[in-house]
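User: Could you walk me through a few features of this model? Start with whatever I need to know to read the numbers.

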Amino acid sequence: MLGRPERHFPTIHIGGTNGKGSTCAFIAGALQAQGWRVGLYTSPHLVSPTERITVNGVPITEVAFTEWVAQLKMDIERLDASFFEATTAIAFADLAARGVDVAVIEVGLGGRLDATNVLTPLVTAVTKIALEHTDYLGNDLKSIAREKAGIAKSKVPFITGESDPEIRAELVREAKRRGAEPIITVDTTLRPRRDTHLGLRGRHQVANALVAHAVLNALPQPFGPVGKSFPASFAEAYIPGRFETRGRWIFDVAHNPDGMKVVAEALQSANPPRPLHALVGIRNDKNWRAMLDVLRPMVDAIVLTVPPSIPVMQRWSVTDFNSVAARSSASAPVSFEPDFERALHDVQEGAGTIVVTGSFHTVGDAMARLPGFAPVG
């Protein structure tokens, strides 16, 4: 119905459990710094769906997004397309219409069956693997790895930054089975040079930058390679909600235990002013108990809340909160305020620093209510 707009520009396809959004930001920024007109499609959004589709950092306008929806409405309904499927179609059409030279496309969920996997990209990459969406992707890391590696394509370079040897081997096996070549494994445990500066904060961003650097070096001319050193543009990389500090606020969209471990490590390294309070809202279909166990020792108080944008069936209940409150009292006290506006007010009382985390919903809903904090879009 759109004439395969994704074939009108070369693409780079990035998957993984955590880190894929940051990796996309590093890659897109480096290509833009070379002078290319760069499309970027990421998900989910924080405040507005227009954030998902950008060209050289400029989001699709609300008017254009609405026009695409109106144009495709009958086909969306006819096909019973999901929100993500419809948005992906709009993204490809809009990027083609805006005449991008190259586009960086983030996988939505999994890989093999993801709506973005219609691409034949210049390079594919999987950042790292953790347990997530087990009802769709499988109950163990190896099963999830096979699904994620489903974006590998015949005779297309495949890169991974997975550090666990067994899971990395599974990714490599699946990529080989699909005919990817060359297959490049990135040692993400390498320490950066002392003069390395990254625009995205946290030690974990070094791993994402290493994967992005490998992707850029695997690109054919005229887009790559970029050489042995990180591009200077890595120091300017930006993506909202990735350990983003604004005054006494820290925002991070961690939404699984692996992501929360990264937040905890970043908090320990940053050592922000105390008392450190956390506003936390997590979907109840996530492993939220493990996430809270990781965060609780790092902060002085936690306010649990229910972001209004979380679907009703995925919201915490009082019963959920009581099970949290009954856990060890040796770490930060936990309170439950289901009214998001009130929770946002309460968490600030007596705080030197406030970290907002637990999901894209939590960060986006908080940013939308704090003056001047919402991302451009």
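Analyst: A salt bridge here is a side-chain nitrogen of Lys or Arg within 4 Å of a carboxyl oxygen of Asp or Glu. The model is predicted, so local features need pLDDT of at least 70 and side-chain atom pairs count only at pLDDT 80 or more, while totals for chains, interfaces and linings use all residues. Residues are numbered from 1 along each chain as its sequence is written, and side-chain values use heavy atoms, with hydrogens and water left out.

User: How far apart are the closest N and O atoms of Asp 75 and Arg 78?

Analyst: Both sit in helix 2 (residues 62–79), and because they are 3 residues apart, about one helical turn separates them. Helices are DSSP runs of H or I, at least four residues, numbered from the N terminus. Asp 75 and Arg 78 form a salt bridge, with those atoms at 2.9 Å.

User: And how many salt bridges does the structure hold?

Analyst: In general, side chains of opposite charge can pair when their charged atoms come close. The count for this structure is 17.

User: Which residues of helix 6 make the contact with helix 5?

Analyst: Contact means heavy atoms within 4.5 Å. Helix 5 (residues 141–148) brings Leu 141, Lys 142, Ala 145 and Arg 146. On the helix 6 side (residues 165–177), the contact residues are Glu 166, Ile 167, Glu 170, Leu 171 and Glu 174.

User: How many charged residues does that contact have?

Analyst: Asp, Glu, Lys and Arg count as charged, Ala, Val, Leu, Ile, Met, Phe, Trp, Tyr, Cys and Pro as nonpolar, and the others, Gly among them, as polar. Between helix 5 and helix 6 there are 4 nonpolar residues and no polar ones, and the charged number 5.

Terms used:
Axes are lines fitted to C-alpha atoms, for helices over the stretch in contact, and angles run from 0 to 180 degrees between N-to-C directions. Helices (H or I, at least four residues) and strands (E, at least two) are DSSP runs, numbered from the N terminus.
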